[in-house]
Amino acid sequence: MASSRQIYQPIHPDFLVKLLPEYVEFHNANTAFFPAVHQVPWDPAVRKGAPVMGGSEPLKVGNVKDVPLSKCTMRIFTPEGTAPAEGWPVFLFFHGGGWTLGNIDTENAFSTNMCKHASCVVVSVDYRLGPEEPYPAAVEDAEEALHWVYTQGKAQLGVNVSKIAVGGSSSSGGNLAAIITHKAALASPPIALAFQLLVVPVVDNTASSSGVPYASWTENANTPSLVPEKMIWYRQQYSPNEADWTKWDNSPIFAPEEAFKKSPPAWIAIAELDILRDEALAYAEKLKKAGVEVETKIYKGSPHPIMAMDVGKQLVSDAAEALKKAFESL
């Protein structure tokens, strides 16, 4: 018997044959029946739920505790077992949610996966969100977290601050992680990072539905979940002043060449059917031209929110393996 529930987010016919069948099944059973955040009046209460349905349960790790910063909180995940003599490596992580959604619980599953399978302490930052706290609030919180880990991490967490990696998921988390790699490179003195792990990031907030310079904004305009209208809505909630979009701590693709040349090796996960695909590829190319070792992984048949769902388990496994190898190479 056909469902009588209203469908708010149908999959466009052009994408039914392009998407992973698992995603189509999940979307049609769940996401389709809820309006997207940009389609309804803004209500901060929406943050009580997950930005994307379908995520896994967190794994068991050795310890979880919250540590306050001046204007936000960090959650610390410590592995089971005995730390190496020099201390655990540490992964500074930023959750997704378009700088507008998400909270400290949003990506506990991803954080525990990295903690357990890459054998590192994970520091997940509950940065401030727009529209209440617009740009550059999130950047300020991210930078404070970096400096806290670098200056306090050994004493407070027992981590090895010569093995700091940064990473983030989705538009906002990947954006903040990329920005922090440049902030670290340009700090005085510089903070040497070991690795950066970017999952479907925003790196250019000047991108638009015109498809210039990124064709994926038009090719994937009818993709599920992150359509151009929704991405622009997120951007405006976070960064309402268009003049800020070209600043490199808003759009890290515009960071100084010096910062690119000092960037750590990168692993960048890209969803084939994401409007953000081509800017991530352009960012990877810019890193390579600066002499940085970069691995890009394109997930075929995947839309933007794939990592937050069980059908993205392969991506999570790949990310943990890349992070583990980066730490072991030091």
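## Ground rules

A residue is called buried under 20% relative accessible area, exposed over 50% and partly exposed in between, using a 1.4 Å probe and protein chains only. This is a predicted model, in which local features need pLDDT of at least 70, side-chain atom pairs count only at pLDDT 80 or more, and totals for chains, interfaces and linings use all residues. Residues are numbered from 1 along each chain as its sequence is written, and side-chain values use heavy atoms, leaving out hydrogens and water.

## A residue inside helix 4

Let's start with Ala 142, which counts as buried because its relative accessibility is 1%. Ala 142 belongs to helix 4 (helices are DSSP runs of H or I with at least four residues, numbered from the N terminus). Setting aside residues up to four places away in sequence, Ala 142 touches Phe 94 and Ile 180, where contact means heavy atoms within 4.5 Å.

## Helix 4 against helix 5

How do helix 4 and helix 5 pack? Their axes (lines fitted to C-alpha atoms over the stretch in contact, with angles from 0 to 180 degrees between N-to-C directions) are 10 Å apart, at an angle of about 55 degrees. Ala 142 takes part here: among the residues that meet are Ala 138, Ala 142 and Leu 146 in helix 4, and Leu 176, Ile 180 and Ala 184 in helix 5.

Conventions. Helices (H or I, at least four residues) and strands (E, at least two) are DSSP runs, numbered from the N terminus.
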